[in-house]
Amino acid sequence: MAQAQLVCFDYKQGSDVLHIQAVVEDAIQVLPATMFDPPEFGSALCETALLWDEPLTPDTVPTAEQVQQMLPWIDDWCVIPPIDFDD
């Protein structure tokens, strides 16, 4: 289970998809392996979408605390690439 810290979550009223962004530990490789050392991994901003059991409305949407408690069980994170500026 990856450690993750909730950044934000969003939904469209009536949809059953909850969109989540979080900083996930060990999400990207930051240094390659060498002859003597294994590869090193670092945290990255990631996103995922959860299919909810019922249409999301202001009455049925989870709280930030509830979403944070679900994060350790999510394993299909997609890294959000950093913004690239032209030189």
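Select strand β1 (residues 4-10) and strand β2 together: six bridges join them, and the two run antiparallel. Strands count as paired here if DSSP finds at least two bridges between them. Helices (H or I, at least four residues) and strands (E, at least two) are DSSP runs, numbered from the N terminus. The model is predicted, so local features need pLDDT of at least 70 and side-chain atom pairs count only at pLDDT 80 or more, while totals for chains, interfaces and linings use all residues. Residues are numbered from 1 along each chain as its sequence is written, and side-chain values use heavy atoms, with hydrogens and water left out.

Stay with this pair and pick Q5. Its bridge partner in β2 is V23. Then move to the hairpin of β1 and β2, which has six residues between the strands. Select G14 there; its phi is positive, near 95°.

β2 and β3 pair in the antiparallel sense over 11 bridges. Two residue pairs can be picked out along them. L18 has L50 in β3 as its bridge partner, and Q29 has F41 in β3.

Now show the whole sheet. It is an open sheet of four strands in the order β1-β2-β3-β4, with antiparallel pairing. β1 and β4 are the edge strands, each pairing on one side only. In a regular strand the side chains alternate between the two faces of the sheet.

Color the chain by pLDDT, the predictor's confidence in each residue, from 0 to 100. The chain averages 91, and 97% of the residues score at least 70.

For the surface, select I28, V30, L31 and V79. Together they form a nonpolar patch with about 290 Å² of accessible area. Strand β2 (residues 17-31) gives the largest share of this patch, three residues. Patches are made of residues with over 30% relative accessible area and no salt bridge; like charges are joined within 9 Å, nonpolar side chains (Val, Leu, Ile, Met, Phe, Trp, Tyr) within 5 Å. A salt bridge is a side-chain nitrogen of Lys or Arg within 4 Å of a carboxyl oxygen of Asp or Glu. Accessible areas come from the Shrake-Rupley method with a 1.4 Å probe, and for residues only the protein chains shown count as cover.

Zoom in on L31, which is in strand β2. L31 counts as partly exposed because its relative accessibility is 42%. Buried means under 20% relative accessible area, exposed over 50%, and partly exposed in between (1.4 Å probe, protein chains only).

For a contrast, go to L71, in the loop between α1 (64-70) and β4 (78-79). L71 counts as buried because its relative accessibility is 0%.

Another loop stop is E54, between β3 and α1. At 39% relative accessibility, E54 counts as partly exposed.

Finish with the cysteines. A disulfide is a pair of cysteine sulfur atoms within 2.5 Å, and by this rule the count comes to zero. C8 is in no disulfide, its nearest cysteine sulfur being that of C46, 12 Å away. C78 is in no disulfide either; its nearest cysteine sulfur is that of C46, 8.0 Å away. C8 is partly exposed at 34% relative accessibility, and C78 is partly exposed at 45%.
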